[in-house]
Amino acid sequence: MSASSTPDTAAKPALKPMLAALAGETRSRPPFWLMRQAGRYLPEYRELRAKAGSFLDLCYNPDFAVEVTLQPLRRYGMDAAILFSDILVVPHALGQPLAYLEGEGPKLDPIRSAAELSRLSRDRFHQTLEPVYETVRRLTTAIPANASPDTTLIGFAGAPWTIACYMVEGGGSKEYAHVKRWAYGDPAGFARLIDLLVEVTADYLCAQIEAGAEVVQLFDSWAGVLPIGPFRRWVIEPTRRIVALVKARHPDTPIIGFPRGAGHAYQDYVADSGVDAVGLDTTVSPLWAARNLQTRLPVQGNLDPILLATGGKALCEGAAEILEAFCDRPYVFNLGHGVIQTTPPEHVGALADQIRRWPERG
Ligand code: CP3
């Protein structure tokens with residue numbers, strides 16, 4: 001970033017493909033990465049995971065976390081790497097006990113009322129998350145050394161609503177009845193939890209950016225369980241506040257929002273949250289999104305992860321339909337949700353080849 005002595009003649013370095021798309025450029029071959037591109041579908045992940053012990057040990061060990069982040073890049077050369085961690089390290093760093101049980105997913109000691117918020121503390125927040133920041137710092141050199149210098153590094157966090165879902169339910173849930181009853185029955189008390197999450201999440205994302213993340217994504221996996229009024233209050237509004245807080249410190253870092261399951265409310269989210277790009281889930285019609293969302297900002301998505309697990313002609317046709325719908329405007333290819341565990345690794349290779357060959361017509 002030195003001041004250039006020849007401002008008019010010095011060529012501006014071209015942005016990396018992912019950053020160019022997020023800056024509003026239409027790329028003839030769209031950049032791509034996949035949510036959960038690192039994980040159990042890869043044999044090398046399972047091997048390292050067995051060595052690491054618990055899943056949290058993997059997330060908090062920079063040697064392991066760097067290696068796992070690089071694994072999919074070595075195989076498939078995605079345009080972006082996503083930091084290997086989990087959204088639930090945030091409640092964990094606030095002092096909420098967390099464990100990942102084999103076959104059952106994450107379990108937390110639930111917090112179900114404003115009175116119980118006193119169990120949380122910010123005192124050790126950054127100290128607990130320091131290994132995550134160290135992972136990001138190391139990735140800034142490990143990625144160009146092991147993959148391509150054009151690969152963009154993505155940091156991430158869960159959005160407050162989704163984190164609150166896990167904190168209040170104590171894990172995954174079908175109905176999200178506890179968290180909804182708290183939000184509907186005691187909105188002022190619930191707002192205290194959301195306000196805390198807004199502040200620490202903005203801080204956490206800024207720390208990742210300061211460590212070297214070039215883009216950040218906010219995962220709101222359970223945005224789709226709320227009716228429109230509460231959606232505005234607990235999804236759009238906290239996201240808007242986080243975006244404002246992060247932009248105040250890092251105005252040039254693109255923020256991708258992923259309000260999974262938002263349906264028609266995707267339009268309100270795009271209009272009001274302030275995100276730079278929006279991740280689309282599997283249920284969103286690509287043609288509708290191209291007309292109604294992509295005209296306002298770059299979109300990312302939205303191949304069904306089950307098509308990736310299926311492979312063959314179905315995968316090829318599904319990917320082509322999405323590429324065709326989105327290729328005329330700024331776009332990042334991705335899935336509509338994370339890679340599932342039973343996905344054959346060679347299907348990911350076939351998809352990567354298809355995207356790289358794009359545009360091939362006829
Ligand atoms: O490659 C990447 O995408 C980066 C790493 C990443 C993980 N989780 C690793 C992980 C990211 C970005 C996440 C986000 C995440 N975590 C979300 C948001 C996206 C989504 O899927 O909706 C959510 C809701 C979580 C919470 C979470 N973590 C659940 C529900 C589970 C259990 C389900 C499962 O697949 O086991 C996890 C565990 C988890 N996070 C694993 C991985 C690779 C599996 C853990 C293992 O190896 O045993």
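Guide: A residue is buried when its relative accessible area is under 20%, exposed when over 50%, and partly exposed in between, with a 1.4 Å probe and the protein chains only. The model is predicted: local features need pLDDT of at least 70, side-chain atom pairs count only at pLDDT 80 or more, and totals for chains, interfaces and linings use all residues. Residues are numbered from 1 along each chain as its sequence is written, and side-chain values use heavy atoms, with hydrogens and water left out.

Visitor: Fine. Is Tyr 176 buried or exposed?

Guide: Tyr 176 has a relative accessible area of 1%, so it is buried. Its phi is positive, about 55°, although the residue is not a glycine.

Visitor: Where does Tyr 176 sit?

Guide: In the loop between helix 7 (160–169) and helix 8 (177–185). Helices (H or I, at least four residues) and strands (E, at least two) are DSSP runs, numbered from the N terminus.

Visitor: What about Arg 36, which way does its phi go?

Guide: Arg 36 has a positive phi of about 60°, and it is not a glycine. Most residues other than glycine have a negative phi.

Visitor: Where is Arg 36 found, and is it buried or exposed?

Guide: Arg 36 lies in the loop between helix 1 (17–22) and helix 2. Its relative accessibility is 52%, so it counts as exposed.

Visitor: On to the ligand. How many residues surround it?

Guide: The ligand has 22 residues around it (a heavy atom within 4 Å). The closest are Arg 36, Arg 40, Tyr 45, Ser 221 and His 337.

Visitor: What is the distance from Arg 40 to the ligand?

Guide: An N or O atom in the side chain of Arg 40 is 2.5 Å from an oxygen atom of the ligand. For His 337, a polar side-chain atom lies 2.7 Å from a ligand oxygen. Ala 38 uses its backbone instead: an N or O atom there lies 3.1 Å from an oxygen atom of the ligand.

Visitor: What cut-off makes a polar contact?

Guide: A pair of N or O atoms within 3.5 Å; within protein, one must be able to donate a hydrogen and the other to accept it, and residues adjacent in sequence count only if both atoms are side-chain atoms.

Visitor: Strands next. How much of strand 5 is covered?

Guide: Six of the six residues of strand 5 (215–220) are buried. Val 215, Gln 217 and Phe 219 point one way, Val 216, Leu 218 and Asp 220 the other way, and all are buried. In a regular strand the side chains alternate between the two faces of the sheet.

Visitor: Which strands does strand 5 pair with?

Guide: Strand 5 pairs with strand 4 (residues 152–158) in the parallel sense over five bridges. It pairs with strand 6 (residues 255–259) in the parallel sense as well, again over five bridges. Pairing requires at least two bridges found by DSSP between the two strands.

Visitor: Why is strand 9 called largely enclosed?

Guide: Strand 9 (residues 331–335) has five of its five residues buried, so the rest of the structure largely encloses it. Tyr 331, Phe 333 and Leu 335 are on one side, Val 332 and Asn 334 on the other.

Visitor: How does strand 8 pair with strand 9?

Guide: In the parallel sense, over five bridges; strand 8 covers residues 299–303. Val 299 stands opposite Tyr 331 of strand 9.

Visitor: Last topic, omega. Which peptide bond involving Asn 302 is cis?

Guide: The one from Gly 301 to Asn 302, with omega near -20°. Asn 302 is in strand 8. Another cis peptide bond joins Trp 358 and Pro 359, with omega about -5°. Pro 359 is found in the segment after helix 15 (345–357). Most peptide bonds are trans.
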